[in-house]
Amino acid sequence: MINPTEYLPKSYHTRVSTYWWLTRWPYLKFILREASSVFVAWIVIVTLLQIQALSRGPADYAEFQNWLRNPLVLLLNVVSFFFVVFHAVTWFNLAPKAMAIRLRGNRLPNLAISGPNYIAWVVISAAVAWILLRG
């Protein structure tokens with residue numbers, strides 16, 4: 001039997017570097033936002049472990065707090081904080097692209113869509129900080 005691909009010219013494929021996403025900021029930002037989900041998951045796991053330690057009593061919670069003081073855990077939490085903030089900011093900035101809201105036939109400006117997200121974030125963060133820091 002004759003193989004038809006045997007007689008076709010081979011197409012040219014340019015070589016792409018493994019690090020192609022480092023060449024432009026939009027690509028790098030996309031990759032960093034995707035990678036930030038790992039750090040978001042880490043924060044969720046730490047929060048669940050903290051709730052579990054709280055439910056088991058003061059001794060377990062004190063042990064959990066000692067674990068949080070470990071320099072490696074502390075470093076991971078600081079890095080995670082910055083990635084979670086980056087994730088939130090890029091997500092809020094994507095909201096206007098994902099939601100085309102029209103009012104009287106005109107599309108709302110990006111700030112009208114992402115702005116309330118930022119305002120809610122600041123208000124909720126301030127309320128949580130007030131609750132935690134007043135005692």
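1. A quick definition before we start: a helix axis here is a line fitted to C-alpha atoms over the stretch in contact, and the angle between two axes runs from 0 to 180 degrees between their N-to-C directions. Keep in mind, too, that this is a predicted model.

2. With that in hand, take α1 and helix α2 (residues 58-68). Their axes come within 7 Å and cross at roughly 150°. Angles over 145 degrees count as roughly antiparallel, so α1 is roughly antiparallel to α2. On the α1 side, the meeting residues are Trp-42, Val-46, Leu-49, Gln-50, Ala-53, Leu-54 and Arg-56, and on the α2 side they are Asp-60, Tyr-61, Phe-64, Trp-67 and Leu-68. Sorted by class, this contact holds 9 nonpolar, 1 polar and 2 charged residues.

3. Phe-64 deserves a look of its own. Setting aside neighbours within four places in sequence, Phe-64 is in contact with Val-46, Leu-49, Gln-50 and Ala-53.

4. Next, how does α1 sit against α3? The axes of these two helices come within 7 Å, crossing at roughly 125°, and that makes α1 oblique to α3. The crossing is left-handed. From α1, the residues involved include Lys-29, Leu-32, Arg-33, Phe-39, Trp-42 and Val-46, and they meet a set in α3 that includes Val-73, Leu-76, Phe-83, His-87, Trp-91 and Leu-94. By class, the contact of α1 with α3 comes to 14 nonpolar, 6 polar and 2 charged residues.

5. Helix α3 (residues 71-98) also packs on α4, with the axes 7 Å apart and an angle of about 150°. α3 and α4 are therefore roughly antiparallel to each other, and their crossing is right-handed. The α3 side of the contact is made by Val-85, Ala-88, Val-89, Phe-92, Asn-93, Ala-95 and Pro-96, while α4 brings Asn-110, Ile-113, Ser-114, Asn-117, Tyr-118 and Trp-121. Those residues divide into 9 nonpolar, 4 polar and no charged.

6. Pro-96 is found in helix α3 and is buried, with a relative accessible area of 2%. Not counting residues up to four places away in sequence, Pro-96 touches Arg-107, Asn-110, Ile-113 and Ser-114. Over in helix α4 (residues 110-133) you'll find Ser-114, which counts as buried at 7% relative accessibility. Leaving out residues up to four places away in sequence, Ser-114 touches Phe-92 and Pro-96.

7. Last, a backbone point to check. Most residues other than glycine have a negative phi. Arg-104 is not a glycine, yet has a positive phi of about 55°. Where is Arg-104 placed? You'll find Arg-104 in the loop between β1 (102-103) and β2 (106-107). Is Arg-104 buried or exposed? At 81% relative accessibility, Arg-104 counts as exposed.

Definitions and conventions:
Residues numbered from 1 in each chain as written. Predicted model: local features only at pLDDT ≥ 70, side-chain atom pairs only at ≥ 80, totals over all residues. Heavy atoms only, no water. Contact = heavy atoms within 4.5 Å. Helix = DSSP H or I, 4+ residues; strand = E, 2+ residues; numbered from the N terminus. Buried < 20%, exposed > 50% of the residue type's maximum accessible area, 1.4 Å probe, protein only. Parallel < 35°, antiparallel > 145°, perpendicular 65-115°, else oblique. Left-handed = near helix turned anticlockwise from the far one by under 90°. Nonpolar A, V, L, I, M, F, W, Y, C, P; charged D, E, K, R; others polar.
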